[in-house]
Amino acid sequence: MSNSNNTTRLMSWNTHSLISRFSLCEYFSKNEFEKVAVSPLDKFISKCRDRLLEFSLVFHKDLYNRLGLGHPDGRKVESLETIGDFIRIFRLNPQTQFHHVRVYRLEELSPGTGHDVSREGPPGHSYIPVEVGAEIPVFEIICAYSDEPDWGMDQNIFSVREYGLANPPFGPVKGMSSQAPFHMGFPHESRLAYWIVPSLGRSLVSTRVRMCLGLSEIAFAQGMDYWGWRFAAWAAHYLQDITCPVHCMPIPVAPKALIVNLMMNPSPTKFFKKCRDLFRNRHGLFEASVCYLMNKSVKQDSDRRLIDVLLFASDGLDANVDSVIRSASETPHNLAPKIIDFLVNLYSYPVVDQPERYVNPEGEFLINGLLEEAITKRPQFYDGFVDSVCKCLEQAGRVTRFVIVTSRRGAQHDSW
Ligand SMILES: [Zn+2]
């Protein structure tokens with residue numbers, strides 16, 4: 001519960017957890033007593049081993065085909081005994097740990113609690129450990145684990161020799177940004193962008209979504225509901241990511257400005273190197289600002305536009321994963337340059353707009369205070385920013401509701 005000690009501490013909800021919470025609160029208000037017991041991963045593995053081995057072959061085919069590597073011989077998985085085997089078979093970061101946690105309940109953070117915009121995994125500033133065997137509401141599983149794919153499980157995967165995935169289609173081989181191919185996709189790019197970087201078309205978002213939905217179905221079919229919901233929450237994460245304007249547009253600037261910049265820097269490699277920090281600044285600042293503003297809305301019940309849009313999002317989706325990704329990312333992609341313009345003008349902070357200067361909003365560049373001041377001084381850019389972000393969140397709400405409502409024991413994602 002809130003107390004005087006936490007008024008200055010930074011304790012927050014991650015953006016994914018808030019998107020899931022408000023997209024689904026109406027749905028779960030009708031099922032609020034539904035609870036399941038927290039169950040360890042090795043129990044899921046031993047109960048579903050044969051089905052998992054069979055499914056891993058489908059996943060491998062999807063993954064290697066997507067990367068243009070065909071389906072290599074000699075990668076047939078023969079044993080699945082340990083959590084390490086599971087990680088290897090489903091091509092996750094070998095360092096991955098599966099924590100059992102929940103996020104804060106609404107009454108646990110006071111209006112004065114500071115907003116932490118970093119995205120650390122557990123223990124972080126957002127999670128409370130729960131015991132194996134404890135009965136917890138399904139709603140809390142989804143709110144906590146729709147954050148999980150950002151806790152490192154998709155990082156450094158292209159550096160694992162045994163996986164044989166060659167080079168990432170985009171992004172670095174190691175570090176936090178190495179998860180990019182699994183969390184970003186660009187189905188609406190222009191021919192110019194594909195010409196500059198042909199591998200932009202090899203995003204692995206849909207591959208991971210299909211993997212999560214498949215794992216979820218296997219878990220539900222064996223009565224392992226805790227894992228059924230946890231994997232469904234992972235699927236919601238990837239689909240929420242694709243509705244984020246800086247995740248569905250690699251260079252969120254207007255095409256005209258891009259062409260002018262390219263003409264001044266005719267080598268695409270040099271151009272991207274020069275502008276790398278400029279794009280990273282915009283990406284990081286966007287995510288940190290949305291996280292900050294959503295936390296502020298919930299904790300202080302002020303300007304609820306970013307929250308209310310999730311409550312009323314529609315849930316009509318009936319196509320396959322690739323079609324869903326394409327349709328849910330269209331509006332965010334189209335709005336991305338405008339949103340970033342609003343953001344840069346709102347801050348009017350010189351470093352944000354300089355190539356070769358990296359500001360890290362999750363590190364030393366604290367937006368606390370700076371953003372409040374910017375909103376007071378430049379409210380027109382703040383309003384433009386929030387209204388445009390709402391249109392993207394509407395899509396995030398839509399994909400979340402669809403994935404969760406259709407991911408239940410007995411549900412089949414045949415059409416996916
Ligand atoms: Zn992500």
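**View 1. Helix 8 meets helix 14.** In this close-up, A232, A235, A236, L239 and Q240 of helix 8 are in contact with A396, V399, T400, V403 and I404 of helix 14 (contact: C-beta atoms, placed from the backbone, within 7 Å). This is a predicted model, in which local features need pLDDT of at least 70 and side-chain atom pairs count only at pLDDT 80 or more, while totals for chains, interfaces and linings use all residues. Residues are numbered from 1 along each chain as its sequence is written. Helices are DSSP runs of H or I with at least four residues, numbered from the N terminus. Helix 8 spans residues 225–242 and helix 14 spans residues 379–406; their axes come within 9 Å and cross at roughly 160 degrees. Helix 8 and helix 14 therefore count as roughly antiparallel (angles over 145 degrees).

**View 2. A bend in helix 12.** Here we follow the 27 residues of helix 12, 321–347, which reach 36 Å from first C-alpha to last, close to the 39 Å expected at 1.5 Å a residue (1.5 Å times one less than the number of residues). At A336 helix 12 bends by about 50 degrees, and the proline P337 follows within four residues (the bend is the angle between axes fitted to the seven residues ending there and the seven starting there). Just after helix 12 comes S348, with a positive phi of about 45 degrees.

**View 3. V160 in its loop.** Look for V160 in the loop between helix 4 (138–145) and helix 5 (180–183). V160 counts as partly exposed because it has 15 C-beta neighbours inside 10 Å (buried is 20 or more, exposed 12 or fewer, partly exposed in between, with C-beta atoms placed from the backbone). R88 is 72 residues from V160 along the chain, and their C-alpha atoms are separated by 9.7 Å.

Note on methods. Helix = DSSP H or I, 4+ residues; strand = E, 2+ residues; numbered from the N terminus. Axes fitted to C-alpha atoms, helices over the stretch in contact; angles between N-to-C directions. Parallel < 35°, antiparallel > 145°, perpendicular 65-115°, else oblique. Contact = placed C-beta atoms within 7 Å.
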